[in-house]
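Welcome, and please have the viewer ready. Below is a short tour of some sheets and helices.

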Amino acid sequence: MNAWGDDRVTVGRYGPIAIVPFAAAAGLFSVATARHDPVWAFAGASTLGGIAELGAAWALVGAGVLFWMRHRQNRLAPLLIGAGFAWLLPEWTDPQVGSALAFTVGLVGFVACAPLVAHAALAYPTGRLRTRVHVAVVATSYAGALLSLGLLPTTVFDPKAAGCFQCPQNLALIRGDLELFATFNRYGLWLGIGWLLVLCVLLVWRLVRTVHVAAVVAALVPAIVYVALVTWEFQHSLTRGILGNDSFDQRVWRSEAAALGAFALAVVWGLVRERQARATVARLVVELGEMPRPGAVRDALAQTLGDAELELAYRRPDTGHYVDGLGRVVNVRPGRDQAVTPLFRGGVPVAVLVHDARLSDEPGLLEEVLAAARIAVENEQLQAEIRAQLEDLRASRARIVETGDAERRRLERNLHDGAQQLLVALSYDLRIAQAHVEADVGSELTTLLTSAGETAQSALGELRELAHGIYPAILAEAGLEAALATLADEAPLPVELGGTTPERYSEPIESAAYRTVVEGIDDAAGRGATYVSVDVGREESRLIVTLRDDGADRTSPLVHLADRIGALGGSLEVGGTTLRAVVPCV
Amino acid sequence: MRVVVADDVMLTREGIVRLLEDAGIDVVAEAEEADGLLRHVRLARPDAAIVDIRMPPTHTDEGLVAAQRIRAEHPEVGVLVLSQYVEPSYAMRLLEEHPERVGYLLKERVFDVAILVDALRRIADGESVIDPTIVSRLVGRRRREDPLAELTEREREVLSLVAEGLSNKGIAHRLFITERTVEAHVKQIFLKLRLAAEPESHRRVLAVLAHLRASAY
């Protein structure tokens, strides 16, 4: 099922109302005919009969028109309207009907109402038949009603030959043959009982399957009663060999009218429920305000549809990934009893709704609710996309920082394992050479070797400082606490380590916290501070680094540091003599 | 004296071995990584093992871990860790579990073979050895209210030597004073620094280092 697929509607919303005058005219015409010649009529001259006639027909047409106004693409509306008109047709076979056309249409469509109602009930509320079996049975019942009990007998029915001299002309007559007419009718009735029973079974089966959806039950029960009553009437007519209007038929006919009225009311009730759901969600959407918090649309939908497990995922146009309201990537995996409804904008999928599969059985509920939430959903989709893009950017920033850190670390290792080892080896060799020379006289060569050894020593010292500055190995190996302690040992001004954390964090977080302290100390020293106090601590899922000093007020915004912290989704608060970095950690 | 040398870089290992041999120390085995080192220690039962802090496979602190294992499994074997890091944390980690017969020296310190030999002797005697660079960094650390300021010049000297792991006897020898004078200085230092009563001699190195490192000044 596609929500928001009805984009191409161009006919005005109230177009279907044009049907109403025709229905009114057809109803009044039928009642007038019945009253004029009550002997041949179902409604007869009684008020009750008139109410049954008009009530059922107008209720069906009215429900159809309302349904059509709400669901323009849904094929249910024509079925309901057709059933309303078909309900009137038996009266048109009255000899006094006064119109050959009406008479002929009445003969052909005498029992057309039953398959139309059964079709509508089976297809309620989507307007589509669910299975091939349904399609086959409905097609058979149309054929049974319109051909074997409609057109075929009509083509051989000559009213005058049958003794009806007031009857209008039968326009469909080909060759009058009363015997064949009787035969067609007899077989048509037997056949009719067959397809009517099968329709009953299908409707009851559908009722059992959908018993959890009140609106569907409300529509199916009267439809089943109606089809059962028609079946009974057929069975009653078997002995007579033809459908008629004896007193039993008339009583059944009135009951059928009541069932059809109830069916039409159930359809209208379903529409009201849809509107209520839509109004609820519309109210919620309004309450969301102009800047709803992320995920609010999902919550509103879940509340309105009464589905706590409901998920709303937005599709990212460029990657095709799905994200939640916060822009985080999510996997769309419907559970066993869940269904997925994609939402479209201009034919392009923008989101999917994962919901309780039973919601699909509710007449139009999902569509109504989604229609009401449409603007909010589209709005949140755009916001989710922006958030997702921001998250992409942040992730790419974090990767750049991480790559830089990894590179520094590699450099540090190379210095230690390469140059430094060689210098150590060189200084050992120099020492050994010196020992050998000392055995001789000493003098200039000894002095030279001693000096070379000292140079190698200071080169080693400088190299060690350089490597440590590039990346402190202790940070990766022993964590923040040890690295900060060493930092305090070496600092050019007193560094007071308040709270520290022996806990280990991911490398990027430890690096960021360490850099914050390094740059904070440098900055404080530059502003003439006489001490810096450093606090590192965890508050829930955030690592917080706070620095305070007594130097002059800061003028530099420490942009590089802010970038580094920002890359981790954290924030850097730069005060005059305070610095506070907050980094989210798991 | 019999020692085992472990260093994964052949050049530096050979250098150390030659320096040691020239100084008359018997190098009974050489190892390139921690497992080989442990095997040699088990088989050769040396007086001490000289261990590079960085060894395969991760080149981080394998040497330190091996040192702790040797001290735990062979208490009679001393361990001297050679490191390229001026990191008190590593030195203190080494002292924490087995405070005697261990040493932490910077690699280039070994350049002066006398220092190396002296360190090995002290380790064999049951002392511990902490690189003077580390100690001087801790002592020279910038503090807001420096309790070390209360110490006299001589007391500072004694404090540094205590932190380097020297025994009172060693300090007396180094400073050309009597052991009794050293004891008096140490007592005075502990008093002035408000350190708890002087712990057992081999524990006092760690206590002093931790105190110097503490940041509550």
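## A mixed sheet in chain A

Chain A holds an open sheet of five strands in the order 6-7-8-10-9, with mixed pairing. Here two strands pair if DSSP finds at least two bridges between them, and helices (H or I, at least four residues) and strands (E, at least two) are DSSP runs numbered from the N terminus. Strand 6 (495–497) and strand 9 (571–574) of chain A each have a single partner strand, so these edge strands are left with one side without a neighbour in the sheet. On average, neighbouring strands of this sheet are turned by 15° against each other, direction ignored.

This is a predicted model, in which local features need pLDDT of at least 70 and side-chain atom pairs count only at pLDDT 80 or more, while totals for chains, interfaces and linings use all residues. Residues are numbered from 1 along each chain as its sequence is written, and chains are lettered from A and ligands numbered from 1 in the order in which they are written.

## Pairing and packing

Strand 8 (residues 542–549) and strand 10 (residues 578–584) of chain A run antiparallel and are joined by seven bridges. Arg548(A) has Thr578(A) as its bridge partner in strand 10 of chain A.

Helix 16 (residues 559–567) of chain A packs on the sheet and touches strand 9 and strand 10 of chain A. The direction of helix 16 makes about 150° with that of strand 9 of chain A. Angles run from 0 to 180 degrees between N-to-C directions, and axes are lines fitted to C-alpha atoms, for helices over the stretch in contact.

## An antiparallel sheet

Another open sheet of five strands in chain A has the order 3-2-1-5-4, with antiparallel pairing. Its edges are strand 3 (329–330) and strand 4 (338–345) of chain A, each with a single partner strand, so one side of each lacks a neighbour in the sheet.

Eight bridges pair strand 4 with strand 5 (residues 348–356) of chain A in the antiparallel sense. Phe344(A) stands opposite Pro349(A) in strand 5 of chain A.

## Two helices side by side

In chain A, the axes of helix 3 (residues 76–88) and helix 5 (residues 113–123) come within 8 Å and cross at roughly 155°. The two helices of chain A, helix 3 and helix 5, are therefore roughly antiparallel (angles over 145 degrees count as such).

## Chain B

Chain B has ten helices and six strands. Of its 217 residues, 46% are buried, meaning that 20 or more other C-beta atoms, placed from the backbone, lie within 10 Å of a residue's own.

How values were computed:
Contact = placed C-beta atoms within 7 Å. Buried ≥ 20, exposed ≤ 12 C-beta atoms within 10 Å, placed from the backbone. Parallel < 35°, antiparallel > 145°, perpendicular 65-115°, else oblique.
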